[in-house]
Amino acid sequence: MSETGYNFAYLDEQTKRMIRRAILKAVAIPGYQVPFAGREMPLPYGWGTGGIQVTAAVIGADDTLKVIDQGADDTTNAVSIRRFFQKTAGVDTTTETAAASLIQTRHRIPEEPLTEAQILVYQVPIPEPLRWMEARESETRKMHALTEYGVMHVRLYEDIAHLGRIVKSYDYPVRVNGRYIMAPSPIPKFDNPKMDHMPALQLFGAGREKRIYAVPPYTSVVSLDFEDHPFEVQTWSDGCALCGATDSYLDEVVIDDKGGRMMVCSDTDYCEKRRAAGHLGPMSAPYAETEAAR
Amino acid sequence: MYVAVKGGEKAIDNAHALLAEERRGDPAVPELSIAQIKEQMTLAVDRVMSEGSLYDADLAALALKQARGDAVEAIFLLRAYRTTLPRFAASLPVDTAKMTINRRISATFKDLPGGQVLGPTFDYTHRLLDFSLMADAAEAPRAAAAPADDAAMPRVVDILNHEGLIEADSAPADAEPGDLTREPLTFPAGRDLRLQNLARGDEGFVLALAYSSQRGFGNNHPFAGEIRLGGVEVEIVPEELGFPIVIGEAELTECHMITQFTGSKTQPPQFTRGYGLTFGRNERKAMAMAIVDRSLRAGEFDEERRFPAQDEEFVLGHSDNVEASGFLQHLKLPHYVDFQGELVNVRALRAEAETVR
């Protein structure tokens, strides 16, 4: 018991054991959605309760936790979840990707490559990649069991037929270990290639839908495509306005009411690291000066 | 020059402080006590206990106070507390035939053993604002008390059962009921899980579904066989004793809806049941639940499933207001990353459309 009156990392040990069993099953069957008895958490459904339960089940006292939302450590929900674990588990937290042993994320994979010593926990709103083609769970489970994925290919093909390209820009479906089609959670498709053969363990928690799934380290993750329409990721004509990076996912910030825009790294830690190392973008003051202004 | 905004932590602290201040309202007005909410906002407390799945009026009142009267938020608070509680026993099934009756009415028989007991109901009040309630009452209203009636009050469905006119209770007495707060819900769900889901389900949602089936989006012509309200004893069998002991009394509202059924190849014509149960006093919810329960049993009676109220995945998947409220409101969270992906997409599609033109 910590001083909060709750067990370490909030959940009781029986519940953690139940979740760990689901995680073990998920790791054993990459990409398969394991139903688990998700608990009501003190944070709202849809705000990361699945990721929080997975994190609570795997976190230890000597872990260092990083929490990001949209790639940033300082978005309000990331702050809220990080505080939750500070309060209930008393663990060290960090904003540095490399310093974290456990990273909980919503909508992004950090730009800096992850290692075998790290676990990445994704918050998942809709775990079922076939949901938009088939609303019924009893049907989609059968389709997965029978590897009956024709509808997914038809859906992607229809995009090409109607629009000349696949218009899915996030939560872009992948095939894991050559078997299950999996929803990567609403990360931009820019991040999909990072999932393939990632050295870190990737765990996915969907609290409201009560599903856990996983991609074990060094497992193949292939974004679905066609020979004549190969998978491609987003690109921008300019780099980050602050750090000049041309290899990172960029967010668009509106800077005036006359159509002015600037593009900045969505991964705030990556951007700061680059600026600290002396990289400058076209709209950036030198790093030391911005730090002093804080 | 642009400096990335770093205000998340401070903004959250300030927002919490502002919320606390607004919850209290004008400090010149005396603060509400938990006892006041529990005693005078009883139906709100009952709803929070029912959908919060926790029979504790003090905590439900606290949740309502903390939630500034927002029922769904209070239900969420109670659920999040409940999930941390250890399970030290499961009660025996409560016997509502032995209920100490506060109210009991049947719309199917003019009179019946035990009689009709109107009890405390809004039903025949004229909905005129009572302006006298705006002032502090000089004296608390009192109702005349009748001596307790010890006459047995058998349940209407049991009376019908003597003639075999109504289907027998479907669940075997020794069946272990499921618990969707401990096991993931899978489809098809059993009636036990459906009833648990409906009992926890949002009152407005269940009401609307029941109403839809009454209006023709369903095939349900129910009679209110019986509605009863009162206290039941809750018993557990502690392992070290081996016999049941009473651990307390719970107030419940129970509804049996009776629906005509013309028979199928395997079943004779008879009446069928729909069942509703809530903590405390909530007839509207209990009646709606009973109608939706019967609608969801369409498959058992070879009825064609054509409407939302008959569709188990639709009803059970969307009845929970804590889930629904959370997911709906998560749209307030930042989505810049996804939106950026869509911006890239739409710009590319527009550029292509331009060149084609």
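Helices (H or I, at least four residues) and strands (E, at least two) are DSSP runs, numbered from the N terminus. The structure is a predicted model in which local features need pLDDT of at least 70 and side-chain atom pairs count only at pLDDT 80 or more, while totals for chains, interfaces and linings use all residues; side-chain values use heavy atoms, with hydrogens and water left out. Residues are numbered from 1 along each chain as its sequence is written, and chains are lettered from A and ligands numbered from 1 in the order in which they are written.

**View 1. The interface between chain B and chain A.** In this predicted model, 47 residues of chain B are in contact (heavy atoms within 4.5 Å) with 60 residues of chain A. The buried area, which is the accessible area (1.4 Å probe) that two parts lose on being put together, summed over both, is about 4,800 Å², and carbon and sulfur atoms give 57% of it. Between the two chains there are 25 residue pairs in polar contact, both residues being at pLDDT 80 or more. A polar contact is a pair of N or O atoms within 3.5 Å; within protein, one must be able to donate a hydrogen and the other to accept it, and residues adjacent in sequence count only if both atoms are side-chain atoms. The elements of chain B that give two or more residues to the side touching chain A are α1 (8–24), α5 (71–82), α11 (321–329) and α12 (336–356). Of these, α12(B) gives the most, with 13 residues.

**View 2. Salt bridges across the interface.** A salt bridge is a side-chain nitrogen of Lys or Arg within 4 Å of a carboxyl oxygen of Asp or Glu. B:Arg200 forms a salt bridge with A:Glu40, where the closest N and O atoms are 3.0 Å apart.

**View 3. The largest cavity, lined by residues that include A:Trp47.** On a 1 Å grid over the protein atoms alone, a cavity is a set of points where a 1.4 Å probe fits but cannot get out, and lining residues have an atom within 4 Å of a point. Grid points are joined across faces, edges and corners, and a volume is the space filled by probe spheres set on the points. The largest cavity holds about 130 Å³ of space. Among its 17 lining residues, the closest to the centre are A:Gly46, A:Trp47, A:Gly48, A:Val124 and A:Pro125. Both α2 (49–58) and β8 (201–206) of chain A supply at least two residues of this lining, and α2(A) gives the most, with three residues.

**View 4. A cis peptide bond in chain B.** B:Phe187 and B:Pro188 are joined by a cis peptide bond, with omega about 0°. B:Pro188 lies in the loop between α6 (156–162) and α7 (191–200) of chain B.

**View 5. A positive phi at A:Ala9.** Although A:Ala9 is not a glycine, its phi is positive, at about 60°. A:Ala9 is found in the segment before α1 (13–28) of chain A. Most residues other than glycine have a negative phi, and most peptide bonds are trans.

Definitions and conventions:
On a 1 Å grid over the protein atoms alone, a cavity is a set of points where a 1.4 Å probe fits but cannot get out, and a pocket is an open set with protein on both sides within 12 Å along at least five of seven lines; lining residues have an atom within 4 Å of a point.
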